[in-house]
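Reader: I am new to this structure and would like a close look at one part of it. Please show it to me first.

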Amino acid sequence: MPIIVNIDVMLAKRKMQSKHLAELLGITQANLSILKTGKAKGIRFETLEAICQALDCQPGDILEYQPSET
């Protein structure tokens, strides 16, 4: 998939655990894991905003586009 999710990178930079982020967002750890692994089909802007607020970052710090090789 050409969209890379860098939540783990930002969690490491902020020295925060996934469990704590899930609690701040009000989502389950399982749903956060789906986001982190890139298996989610989409993300609500509301959720993206909450992630950016919790991690003090920009959407571009979380999502990255990498063209697939054809």
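Reader: Is Asp56 buried, partly exposed or exposed, and what is its relative accessible area?

Author: The model shown here is predicted. Asp56 has a relative accessible area of 63%, and exposed means over 50%, so Asp56 counts as exposed. As for its place in the chain, Asp56 sits in the loop between α4 (45-55) and α5 (59-62). Its backbone has a positive phi of about 50 degrees, although Asp56 is not a glycine.

Lys15 can be set beside it. The phi of Lys15 is near 50 degrees, again a positive value in a residue other than glycine. Lys15 is found in a loop as well, the one between α1 and α2 (18-25). With a relative accessible area of 77%, Lys15 is exposed, because that value is over 50%.

From the loops we can turn to the helices and the salt bridge. The count of salt bridges comes to 1. The partners are Asp8 and Lys36, whose closest N and O atoms are 3.2 Å apart.

Another residue with a listed value is Gln66, which lies in the segment after β2 (63-65). Its relative accessible area is 43%, so Gln66 is partly exposed. Leaving aside neighbours within four places in sequence, Gln66 is in contact with Pro2 and Ile4. Gln66 and Ile4 are 62 residues apart in sequence, yet their C-alpha atoms are 7.0 Å apart in space.

Ile3 is part of strand β1 (residues 3-5). Its relative accessibility is 39%, so Ile3 counts as partly exposed. Together with Ile43, Leu63 and Tyr65, Ile3 makes a nonpolar surface patch of about 350 Å². A residue needs over 30% relative accessible area to be part of such a patch, and Ile3 has 39%.

To return to the residue you asked about: Asp56 is an exposed residue in the loop between α4 and α5, with a positive phi.

Technical notes: Residues numbered from 1 in each chain as written. Predicted model: local features only at pLDDT ≥ 70, side-chain atom pairs only at ≥ 80, totals over all residues. Heavy atoms only, no water. Helix = DSSP H or I, 4+ residues; strand = E, 2+ residues; numbered from the N terminus. Buried < 20%, exposed > 50% of the residue type's maximum accessible area, 1.4 Å probe, protein only. Contact = heavy atoms within 4.5 Å. Patch = residues over 30% accessible without salt bridge, like charges linked within 9 Å, V, L, I, M, F, W, Y side chains within 5 Å. Areas by Shrake-Rupley, 256 points an atom, 1.4 Å probe, with all protein chains shown as cover. Salt bridge = Lys/Arg side-chain N within 4 Å of Asp/Glu carboxyl O.
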